[in-house]
Amino acid sequence: MPTRRQILKAAVFPAIVPCSVLGQRSGAVPPSDKIVFGGIGIGARGNSDLRALLSFGQARFVAICDVRNERREAVKSMVDQKYGNRDCQMYDDQYALLARGDIDAVLIATGDRWHTPLSIIAAQHGKDVYCEKPCSMSMEESWALADAFRRYNRVYQAGCQRRNGGNFQLCKELLKSGVLGKLQTLYANVGPSVNWPPLPSRDWLPAAELPPKQVIDWDRWLGPAPWRPYNPEYVRGGWRNYYDFHGGGILEWGSHTVDLCHWAADLDETQPISYEPVGGNVGPYKVNCKYANGVNLVMRDDGWDGSLKTGSCSFRIEGDKGWVETGDATRIECSDNIKPFLRPTTAANLALAYHLEDLLRCIKTRQQPQASAAAAANSHIVCHAAFIAFQRGKTLTWDPAKREFTNDEIANRMRSRALREPWRV
Amino acid sequence: MQQATQTAPATAAAKPPKPTPPLEFQEGDIAKMDAAGLVKILSDANASEFQKARACQRAGELGAKDAVPAMAALLSDEHLNTYARYGLEPIADPSVDEALRASLPKLKGLFLIGVINSIGKRRDAKAVPELTKLMSDADPQIATAAIASLGKIGGVATMKQLLGALPKTSGAVHLAVADAGLVCAESLLAEGQRDHALNLYGYLSSPAIPKPVRLAAMNAIIREETSTRRPR
């Protein structure tokens with residue numbers, strides 16, 4: 001065995017150590033202080049997340065895992081170009097990426113069906129997680145997600161970036177300050193049914209010729225979703241129209257806007273006790289919900305950039321003294337008596353950067369960020385309950401403590417979905 | 001007054017019309033079918049994969065226990081086994097547990113893993129002896145599935161099995177045993193078996209345990225020992 005002196009003698013030290021490595025340049029982060037990320041399933045939305053992440057000096061992205069070769073290559077190219085090297089490693093097996101001891105956290109932006117199982121596996125491997133929404137495919141997955149991150153004491157940030165958006169935060173402040181009066185009704189504007197209706201299709205598309213596995217690994221693409229024949233429409237993004245892959249328009253957008261309502265009104269630890277679906281799968285629809293304290297929550301598609309033009313993913317808070325509404329347009333609309341309280345806020349397009357900054361800070365401090373697993377699970381459960389009520393076509397009553405519907409056994413049987421083997425949560 | 005600092009995104013543009021599925025892949029009447037109709041489809045050798053898949057999902061939602069034997073017969077079907085479990089898992093009838101247990105010795109590979117996962121989800125304590133045997137299966141995926149299901153079923157007997165397996169396993173199976181230990185400890189706590197839970201957490205805090213689990217166990221001990229609900 002070599003002695004310490006021999007090792008030191010043989011070691012080659014650089015004559016000049018760049019000051020950035022030592023963290024001496026203003027704003028520079030020494031490598032040992034960087035949070036090392038890997039990514040799983042980075043597509044269109046994930047690209048936005050990744051671009052924002054790469055802008056942070058304290059984060060370093062080192063590996064990509066994807067079932068699609070073209071996406072692996074595209075992400076590697078983007079990352080290598082950013083860092084001026086060829087170091088980003090590519091994987092087609094998530095376990096190989098998660099086994100890397102140098103990776104602290106993972107960015108998960110796969111299709112919805114993978115979100116919960118992958119997040120849980122990442123937690124079991126000791127990784128912190130940023131995961132796109134919707135975070136779960138069922139109530140059962142939501143509970144499992146929250147349990148796993150509590151159990152492993154890992155940091156989780158759901159892709160509900162508006163929690164860190166300045167205009168949304170001002171609305172929350174207005175409610176908390178009391179100027180809106182006693183909270184009466186929250187409005188979570190969900191996307192118009194022309195895009196993704198509340199009830200996704202249970203049909204299958206016709207079988208098409210399966211491409212070579214290195215181009216698209218259909219088995220891994222399906223992952224935890226039940227088998228169906230390959231069709232390129234799913235892979236191109238059309239999966240969102242199908243029940244086995246998607247929770248419909250309510251979950252798609254409620255995972256943002258219901259989440260905003262819960263966050264703004266400090267409802268992250270409870271859920272409505274009744275869900276009344278109104279309307280059908282075509283045309284305007286809504287779900288009227290009520291909390292035990294009498295507060296109402298309305299999920300509605302006609303508020304989506306409706307007459308107030310507050311933009312997509314908008315939400316509205318009504319108190320007994322005033323109301324306020326905002327969305328991705330950043331503009332805040334409100335009752336006249338609230339206007340003196342408004343002030344300029346950060347641009348909506350900065351919400352994602354602030355959201356990632358929140359995550360990075362929490363990875364260092366081991367606090368939970370704004371959209372923690374517990375908070376995201378809670379708001380997702382509300383969306384799942386509304387989705388189930390819409391499928392059942394009747395008003396459902398819900399016991400948040402017992403985690404069960406109290407007036408419909410069929411609804412209770414819809415709280416979970418079997419996962420394709422070997423996957424489980 | 002509030003200033004918009006960027007152009008408001010337009011209302012999400014309408015997507016192009018989605019492709020129309022062929023008639024044989026359209027849900028049609030199955031969405032409204034009663035249990036008898038579903039059993040007829042599931043037992044019909046001429047029914048398509050799509051019809052049987054949807055019939056399983058509908059049967060599960062209806063809680064159609066008459067459909068249990070027909071769905072159990074699909075547990076070894078390459079394309080329909082997940083749908084069969086989709087139908088079976090939510091039906092709260094002992095016949096489902098019996099069917100799942102009975103299928104264990106007949107299945108191999110992924111089919112077996114699927115059933116093991118369903119048993120764990122249903123927390124079927126009667127399956128503990130079979131699952132205990134499968135813990136040491138040569139296929140690590142089968143072993144880890146059995147271990148995870150045992151963790152979900154929980155109980156003192158399971159705790160002892162997991163503790164016994166900890167020093168004998170390695171790699172992914174070892175990680176699965178440790179993870180199942182955490183899950184089992186939580187259920188012991190929930191059942192008021194605090195001493196057993198803390199004992200289990202203690203084992204899981206030892207240096208030989210994978211770091212994520214070790215840290216989780218230490219965290220749980222600190223949480224429990226500093227809890228205001230702690231017995232004094």
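## Two helices crossing in chain A

Helix 2 (residues 44–54) of chain A packs against helix 11 (residues 351–365) of chain A at an angle of about 65°, and their axes are 10 Å apart. Axes here are lines fitted to C-alpha atoms, over the stretch in contact for helices, with angles running from 0 to 180 degrees between N-to-C directions. Helices (H or I, at least four residues) and strands (E, at least two) are DSSP runs, numbered from the N terminus. This is a predicted model, where local features need pLDDT of at least 70 and side-chain atom pairs count only at pLDDT 80 or more, while totals for chains, interfaces and linings use all residues. Residues are numbered from 1 along each chain as its sequence is written, and chains are lettered from A and ligands numbered from 1 in the order in which they are written.

Helix 2 of chain A brings Ser48(A), Ala52(A) and Leu53(A) to the contact, and helix 11 of chain A brings Leu352(A), Ala353(A) and Leu356(A). Contact means C-beta atoms, placed from the backbone, within 7 Å. By class, that gives five nonpolar, one polar and no charged residues. For the classes, Ala, Val, Leu, Ile, Met, Phe, Trp, Tyr, Cys and Pro count as nonpolar, Asp, Glu, Lys and Arg as charged, and the others, Gly among them, as polar.

## Helix 12 of chain A

Helix 12 (residues 373–392) of chain A has 20 residues and should span 28 Å at 1.5 Å a residue, which agrees with the 28 Å between its end C-alpha atoms. The expected span is 1.5 Å times one less than the number of residues. Of those 20 residues, 17 are buried, so helix 12 of chain A is largely enclosed by the rest of the structure. Buried means 20 or more other C-beta atoms within 10 Å of a residue's own, exposed means 12 or fewer, and partly exposed is in between, with C-beta atoms placed from the backbone. Just after the helix, Gly393(A) takes a positive phi of about 65°.

## A glycine in strand 11

Gly319(A) sits in strand 11 (residues 315–319) of chain A. It counts as partly exposed because it has 19 C-beta neighbours inside 10 Å. Leaving out residues up to four places away in sequence, Gly319(A) touches Leu175(A), Leu180(A), Gly181(A), Lys182(A), Leu183(A) and Gln184(A).

## Where the chains meet

46 residues of chain A are in contact with 51 residues of chain B. On the chain A side, helix 6 (139–152) and helix 13 (409–413) each supply at least two residues, and helix 13 of chain A gives the largest share, three residues. That side of chain A divides into 19 nonpolar, 13 polar and 14 charged residues.

## Chain B

Chain B has 12 helices and zero strands. Its radius of gyration is 23 Å, well over the 17 Å that the globule rule gives for 232 residues, so chain B is more spread out than a compact globule. (The radius is taken over C-alpha atoms; the rule is 2.2 Å times the number of residues to the power 0.38.) The C-alpha trace of chain B spans about 70 × 65 × 35 Å along its principal axes, and 43% of the 232 residues are buried.

Lys40(B) belongs to helix 1 (residues 35–43) of chain B and, with 14 C-beta neighbours inside 10 Å, counts as partly exposed. Lys40(B) and Ala157(B) are 117 residues apart in sequence and 42 Å apart in space, C-alpha to C-alpha.

How values were computed: Two residues are in contact if their C-beta atoms, placed from the backbone, lie within 7 Å.
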